Amino acid sequence: MRKSDVISAILAERKNLLPRHEFSKAYAPSNIALCKYWGKRDQELNLPITSSFSISLGNKGATTELSLCSGANDEAYLNDHQIDWISPFGKRLLAFLDLFRVKPELHFKVKIHTNIPIGAGLASSACGFASLTRALNLLFGWELKEHELSILARLGSGSASRSLWHGFVEWHAGLKSDGMDSYGEFIPDEWPELRIGLLILNEREKPINSRDAMQRTVTTSALYSAWPTKVSRDLSALKQAINLKDFLLLGKTAESNAMTMHATMLSAWPTICYFLPETITAMNKIWTLRHEGLSLFFTQDAGPNLKLIFLEKDISSVQAQFPDMEIVSPFELLGQAAG
Ligand code: PMV
């Protein structure tokens, strides 16, 4: 099954396939997985081996402005810098736009604005592709259902399937080979006191991108076979934690899930290590603070930076230890359509 077959299936009932508008604009928040997506069962369709669970990053995300372009080619800008079509992100973006080019002379002008560092493990591609998917839906006037938008966003970047909503989202792995049952689902539970701290330790580009790192882990790590069992336990624990508002269970589950994911990478060959010395120093500091009684946990994605997880009541204690950290309130914008 190819991406274009998925698009045809989703848009099958749309009679007019041409854009209905000249311009559209949409926002999507970034998201951080509390239970990670690590490993694909289908590389082309970004179908995951396991389900995953995330929390959105409120006003940290991407806004995409999309218009029809009269020139002979597409044009794209990221934070006002023209995107080079031969850069890795440019290639992915162009391949995604090609899926929606209903006639060869149709060209798009895409302007993505994001307020998070690019490629630093802060899910910049997730919110980028999710906001672009929402903008395409508006431009073409498809009026797709939320789970259909999630399927389309997944074709751009796996974790984009979780970036269409504010709050908690579960991405169901699904079983079908066409991925029609693999999409994000908004979880209506709220936890307004939760805070996420973005601890940017290093903004350098990561040594290996998540797509290649995942694949290498799946094919070479002796520990990977333990990952699906860990995920299913952690998904249940997270749901229980949210249900009972048990912060210690939430924090412990998220941190242990991230550490297990990194353990599978450390055991891949060649080894994949996203830890920098400053990452380890920050982890040790968090463990010491926790030992001293502060309810503070972290998670880490495919980059050296940490996301701290804590409650509103501890903001001043956490801020005193990490003064440069930016604090996000994931539930602040809940109720406002992410688009
Ligand atoms: O969607 P991708 O290809 O950027 O992969 C995301 C991988 C992690 O951020 C490490 C985990 C996750 O679930 O977001």
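I began with strand 10 (residues 194-199) and strand 12 (residues 306-311), which run antiparallel and are joined by six bridges. Strands here are DSSP runs of E, at least two residues, and helices are runs of H or I, at least four, numbered from the N terminus. I then looked up Gly 197: its bridge partner in strand 12 is Leu 308.

The model is predicted, so I noted its limits: local features need pLDDT of at least 70, side-chain atom pairs need 80 or more, and totals for chains, interfaces and linings use all residues. Residues are numbered from 1 along each chain as its sequence is written, and side-chain values use heavy atoms, without hydrogens and water.

I read an open sheet of four strands, order 11-12-10-13, with antiparallel pairing (pairing takes at least two DSSP bridges between two strands). Strand 11 (297-300) and strand 13 (326-328) are at the edges with a single partner strand each, so one side of each has no neighbour in the sheet.

Then the helices. Helix 7 (residues 247-266) lies across strand 10, strand 11 and strand 12, at about 35 degrees to strand 11. I took angles from 0 to 180 degrees between N-to-C directions, with axes fitted to C-alpha atoms, for helices over the stretch in contact (heavy atoms within 4.5 Å).

Last, the ligand. I checked polar contacts, meaning N or O pairs within 3.5 Å. A polar side-chain atom of Ser 159 is 2.6 Å from a ligand oxygen atom. For the side chain of Arg 162, an N or O atom is 2.8 Å from an oxygen atom of the ligand.

Methods: Polar contact = N/O pair within 3.5 Å; in protein donor to acceptor, adjacent residues only side chain to side chain.
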